[in-house]
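This report describes one protein model for a reader who has not seen it before. Please look over the sequence and the structure shown below before reading on.

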Amino acid sequence: MKIVDIKEKAVPIKSEISNAYIDFSKMNCSVVAIVTDVYKNGRRVVGYGFHSNGRYAPSGLLHERFIPRLLEADSNAILNEEGTNFDPHKIWDVLMTNEKPGGHGERSVAVGTIDMAVWDAVAKIEEKPLYQVLAERYRSGKVDDKVFVYAAGGYYSPDKGLKELQEEMKGYLDLGYSVVKMKIGGASLEEDLKRIEAVLEVVPSGRNLAVDANGRFDLETALAYGEAMEPYNLFWYEEAGDPLDFQLQAELSKNYKNPMATGENLFSMQDARNLIRYGGMNPKQDTLQFDCALSYGLVEYLRTLDMLKENGWSARNVIPHGGHQMSLNIAAGLGMGGNESYPGVFEPFGGFAGNTPIEDGYVGLPDVPGVGFEAKENLIKVLRSVAE
Ligand SMILES: O=C([O-])CC(=O)C(=O)O
Ligand SMILES: [Mg+2]
């Protein structure tokens, strides 16, 4: 059993939307295809991976370091003991050979992208959905048969007024979502409060609305928004300050009493641990949003989940960023709190298997081997085009 080739291509996921920090006019994403010499049901097993929105394609890192390292590895360095499948943990060690600790940068995105493709191949070789493989390996076989998902949107865009924002949010409720999210911090506090109040007119209550500042605020602004928003009793207040400013998060936690969320821009177990150690976050109500595709993949994510457990946090506190099927599998297989979703945005990489409805804020899972890409028609077309 061996890897015969690894392909990579940067694919655009650009759009006209903006958050408080960036627009997405030049956003792209790496797609990786790991071509194996294994055949199942007459078809060659190819594992596919990509990373989430928000970071640009790390094509250079992939082609210069990570893909050659994996292609050059001996088969006993990447297979399990029995030689019956690839071993994602051993592959992770191969990828990280001669890489110093710390300074994680975006090398974690390159590794996360390959890691997704490895797990897709591993589950395809076992001929099981990945969530089932994960539940069997790490959670005594128990799978959540549906996963909480919330609709992330409410971006700033040139022609979006309050009415259009309300229409967008109503559309998400009509699709079956129970919680929606909107951006803040890209306008003045006064203007953002009008936007929030407009959305509160169309959702059942503040508990059905989350807001996301994308790390835009200094402490003073974070506190001012917190004070103004507290009476709304929102679902959560996300990424108020710089992702690595744990003191800001801790100060905000002392002042803002309602749920908060952060973590999508922390890319390693060690950074996540610093948030838990120094960020003052509350395991009784707060949510962590680490995204495996951006943060060294599922092998590292398992270390992060262990770290959380040691610190009194449950996997149910974790609702990852990114809206992709990989996190959906992890959520169902390892019992996390849910997953993000961006209806109609970041397609075809965002979103779940075709024809899976959202019901009362939950989505079901496709019964196909691997991550489930083959059950998402517009996505598998793009992925296969990279492998060919
Ligand atoms: O706008 C973005 O960069 C995405 C984001 O923060 C989220 O999904 O929470
Ligand atoms: Mg966010």
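## Domains

Domain bounds, as used here, come from an automatic or database domain assignment. The model itself is predicted. For the protein chain, the assignment gives domain 1, residues 3-127, and domain 2, residues 138-387. Taken over C-alpha atoms, the centres of domain 1 and domain 2 are separated by 23 Å. The contact between them takes 38 residues from domain 1 and 39 residues from domain 2.

On the side of domain 1 that touches domain 2, the elements giving two or more residues are the strands β1 (3-12), β2 (28-40) and β3 (43-50), together with the helices α2 (88-95) and α3 (107-126). Helix α3 supplies the largest share of that side, eleven residues. By class, the side of domain 1 that touches domain 2 holds 19 nonpolar, eleven polar and eight charged residues.

Which residues are found around ligand 1? They are Asn 19, Gly 54, Ala 152, Asp 212, Asn 214, Glu 264, His 321 and Glu 340. Divided by class, this shell has one nonpolar, four polar and three charged residues.

## Helices α1 and α2

Helix α1 (residues 59-72) and helix α2 have axes that come within 9 Å and cross at roughly 125°. An angle from 65 to 115 degrees would count as roughly perpendicular and one over 145 as roughly antiparallel; α1 and α2 are therefore oblique to each other. The crossing of α1 past α2 is right-handed.

From α1, the contact uses Phe 66, Arg 69 and Leu 70, and from α2 it uses Ile 91, Val 94 and Leu 95. Five residues of the contact of α1 with α2 are nonpolar, none is polar and one is charged.

## Helices α5 and α6

Helix α5 (residues 162-175) crosses helix α6 (residues 189-200) at roughly 45°, and the two axes come within 9 Å. Are α5 and α6 parallel or oblique to each other? Angles under 35 degrees count as roughly parallel, and α5 and α6 are therefore oblique. Their crossing is right-handed.

On the α5 side, the contact is made by Leu 162, Leu 165, Gln 166 and Met 169; on the α6 side, by Lys 194, Arg 195, Ala 198 and Val 199. Sorted by class, the contact of α5 with α6 has five nonpolar residues, one polar residue and two charged residues.

## Helices α9 and α10

Helix α9 (residues 269-278) packs with helix α10 (residues 297-310) at an angle of about 20°, and their axes are 9 Å apart. With the limit for roughly parallel set at under 35 degrees, α9 and α10 are therefore roughly parallel to each other. The crossing of α9 and α10 is right-handed.

In this pair, Met 269, Ala 272, Arg 273 and Ile 276 of α9 meet Glu 300, Arg 303, Thr 304, Met 307 and Leu 308 of α10. The contact of α9 with α10 divides into five nonpolar, one polar and three charged residues.

## Backbone details

Where is Asn 233? Asn 233 lies in the loop between α7 (219-229) and β7 (236-238). Its phi is near 55°, a positive value in a residue other than glycine.

Another loop, between β10 (339-341) and β11 (358-359), contains Pro 348. What kind of peptide bond joins Glu 347 and Pro 348? The bond is cis, with omega about 5°.

Note on methods: Residues are numbered from 1 along each chain as its sequence is written. Chains are lettered from A and ligands numbered from 1 in the order in which they are written. This is a predicted model: local features need pLDDT of at least 70, side-chain atom pairs count only at pLDDT 80 or more; totals for chains, interfaces and linings use all residues. A residue is near a molecule or strand if its C-beta atom, placed from the backbone, lies within 6 Å of it. Ala, Val, Leu, Ile, Met, Phe, Trp, Tyr, Cys and Pro count as nonpolar, Asp, Glu, Lys and Arg as charged, and the others, Gly among them, as polar. Axes are lines fitted to C-alpha atoms, for helices over the stretch in contact, and angles run from 0 to 180 degrees between N-to-C directions. Helices (H or I, at least four residues) and strands (E, at least two) are DSSP runs, numbered from the N terminus. A crossing is left-handed if the near helix is turned anticlockwise from the far one by less than a right angle, and right-handed if clockwise. Two residues are in contact if their C-beta atoms, placed from the backbone, lie within 7 Å.
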